[in-house]
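Trainee: Please take me through one part of this structure closely: the aromatic side chains.

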Amino acid sequence: MPSTVVHAGFALLLAAALLKGSYGRRALAVVLVVMAIPEADTLLGLVMPGAHRTVGHNFVLPAAAGLLLYYDTRIRDASLLREWVDDWGVRVAWVALFAHLFAHVFLDWAHLDGVNALWPLHDEFFRLEGELYVSSREGLVQTFVDIQLDEETGQRSVDAGSTGTTETVHVNNPVEPDGRRDPGSTEPVDRRFPLAEAGWQLYLVVAGVFVVAARALQGDDASLSEKTEV
């Protein structure tokens with residue numbers, strides 16, 4: 001599965017692209033902290049079966065946070081967040097939320113057993129897996145969502161990559177490395193702290209670090225704009 005290091009590399013790329021006028025070490029730190037929050041559910045696995053990829057890896061809580069952020073910054077007469085950290089904080093908050101989703105939750109959605117996407121409203125893991133292509137014989141083909149029609153009953157069934165529930169799904173992690181091992185096994189536990197498990201994962205890490213280093217060498221946005229005006 002993508003490690004926290006891989007998620008961080010992707011988050012750095014998003015931050016460098018989206019933090020217009022707010023880019024800096026403090027903003028990057030906030031984005032990385034918010035992006036890494038989902039990993040806390042590995043600890044909950046000690047007291048809650050299936051907590052990893054469930055409590056912190058879902059679409060419901062980020063959606064609720066996004067609605068709350070939108071209400072506070074766009075609808076309320078006086079934004080509490082803007083009063084606390086000005087417009088800088090509002091921009092960083094939005095980018096941190098996007099990094100949380102795209103660099104972490106959505107990335108895990110496409111690996112192993114996926115994520116418990118609709119928890120706590122619905123307990124079911126989904127994995128984003130399939131193909132999307134144009135064929136000269138079949139036309140546009142997608143297999144991410146499988147729709148079946150029962151010819152006898154006329155009912156449709158939709159499979160969006162369901163892999164199970166918290167009772168049946170366990171994603172190994174350093175805290176619970178062998179969730180499916182035989183309780184009577186005498187073999188030593190192998191706790192792995194992955195950095196990159198595939199070439200594309202290492203590529204994301206290197207690309208993220210490279211972009212941040214390149215921006216540091218170029219100078220911050222404010223100094224660049226001042227030089228342009230002069």
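Mentor: Let's start with Y71, which counts as partly exposed at 42% relative accessibility; that class lies between buried (under 20% relative accessible area) and exposed (over 50%), using a 1.4 Å probe and protein chains only. Keep in mind that this is a predicted model, where local features need pLDDT of at least 70 and side-chain atom pairs count only at pLDDT 80 or more, while totals for chains, interfaces and linings use all residues. Residues are numbered from 1 along each chain as its sequence is written, and side-chain values use heavy atoms, without hydrogens and water.

Y71 belongs to helix α4, residues 60–75 (helices are DSSP runs of H or I, at least four residues, numbered from the N terminus).

Now to the rings that meet each other. Rings of Phe, Tyr and Trp (its six-membered ring) pair if their centres lie within 6.5 Å; planes under 30 degrees apart are stacked, over 60 edge-to-face, and the rest tilted. That rule gives five aromatic pairs. One of them joins F59 and W109 edge-to-face, 5.2 Å between centres and 75° between planes. F59 sits in the loop between α3 (41–44) and α4, and W109 in helix α5 (residues 80–109), so this pair ties together parts 50 residues apart in sequence. W109 is partly exposed, at 22% relative accessible area. W94 and F98 make a tilted pair, with centres 6.1 Å apart and planes at 35°. Both lie in α5, four residues apart, about one turn of the helix. F98 is partly exposed too, at 36% relative accessibility.

Notes: Helices (H or I, at least four residues) and strands (E, at least two) are DSSP runs, numbered from the N terminus.
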